[in-house]
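Subject: Handover of a structure and the findings

Dear colleague,

Please find below the structure that I am handing over to you. Kindly look through it first, and then read the notes that follow.

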Amino acid sequence: MINVVLYEPEIPQNTGNIMRTCMAMNCKLHLIEPMGFKITDKSLKRAGMDYVKELDYRIYPDWKTFFSSHQGSYYYITRYGEKNPSQFDYTKDDGQDIYLVFGKESTGIDKHILKDNYDRCARIPMVKDARSLNLSNCVAICVYEVLSQLRFPDLSATEVIKGQDFLKNYE
């Protein structure tokens with residue numbers, strides 16, 4: 001199972017987009033408080049569309065509560081990492097749950113957490129003058145990398161809603 005962990009997210013639209021991505025990619029979402037919005041926020045619901053109803057997500061009061069109750073392989077996405085997400089081999093996690101941890105938009109993940117897990121920190125490569133990418137884009141990039149290495153387990157590679165031959169038969 002791929003798990004996306006948002007450490008103290010601040011912007012409801014980002015979280016809504018991430019909820020949509022998690023649902024579509026069959027990932028579980030973990031939200032660590034405090035958050036900069038309420039889960040009932042209209043902006044969050046608009047960005048997440050109706051996908052939120054199908055999403056498996058949980059909210060935790062703090063990092064310690066979350067971390068103490070979830071075992072698996074953790075990867076921390078931060079501008080301070082020296083490896084990029086594709087340099088990790090997610091196929092070697094021996095069936096353990098994979099946790100991709102992303103920080104709040106303003107300051108990222110707590111620096112003590114990052115320092116204690118430095119060998120598991122990843123940086124998404126970008127031009128040297130860019131501080132960061134949008135949080136929801138980062139989640140999509142990293143989730144896709146893990147899914148690609150795992151060969152997209154339980155995901156459809158063909159159009160199901162309109163049918164696999166929809167485009168071929170389109171007039």
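I begin with a cysteine: Cys27 has a relative accessibility of 5% and therefore counts as buried, where buried means under 20% relative accessible area, exposed means over 50%, and partly exposed lies in between, as found with a 1.4 Å probe on protein chains only. Please note that this is a predicted model, in which local features need pLDDT of at least 70 and side-chain atom pairs count only at pLDDT 80 or more, while totals for chains, interfaces and linings use all residues. Residues are numbered from 1 along each chain as its sequence is written, and side-chain values use heavy atoms, with hydrogens and water left out.

Cysteines

The whole structure was searched for disulfides (pairs of cysteine sulfur atoms within 2.5 Å), and zero were found. Cys22 takes part in no disulfide, and its nearest cysteine sulfur, that of Cys27, lies 5.1 Å away. Cys22 is buried, with a relative accessible area of 0%.

Salt bridges

A salt bridge is counted when a side-chain nitrogen of Lys or Arg lies within 4 Å of a carboxyl oxygen of Asp or Glu. By this rule there are three salt bridges.

One of them joins the side chains of Glu8 and Lys104, at 2.9 Å from N to O. This pair links distant parts of the chain, 96 residues apart: Glu8 is in the loop between strand S1 (2–7) and helix H1 (12–24), and Lys104 is in the loop between strand S5 (98–102) and helix H4 (111–116). These names follow DSSP runs numbered from the N terminus, with helices (H or I) of at least four residues and strands (E) of at least two. Glu8 counts as buried at 15% relative accessibility, whereas Lys104 is partly exposed at 21%.

Asp56 and Arg58 also meet in a salt bridge, at 2.9 Å from N to O. Asp56 is partly exposed at 32% relative accessibility, and Arg58 is partly exposed at 42%.

Lys168 and Asp165 form a salt bridge at 3.6 Å from N to O. Lys168 is exposed, with a relative accessible area of 68%, while Asp165 is partly exposed at 37%.

Strand S4

Is strand S4 enclosed or open to the outside? Five of the five residues of S4 (residues 73–77) are buried, so the strand is largely enclosed by the rest of the structure. In a regular strand the side chains alternate between the two faces of the sheet. Both faces of S4 are covered, with Ser73, Tyr75 and Ile77 buried on one side and Tyr74 and Tyr76 buried on the other.

Two strands pair if DSSP finds at least two bridges between them. S4 pairs with S5 in the parallel sense over five bridges, and the bridge partner of Tyr74 in S5 is Tyr99. S4 also pairs in the parallel sense with strand S6 (residues 121–122), over two bridges. There, Tyr76 stands opposite Cys121 in S6.

An exposed residue

Leu167 is located in the segment after helix H5 (135–149). With a relative accessible area of 67%, Leu167 is exposed.

Yours sincerely
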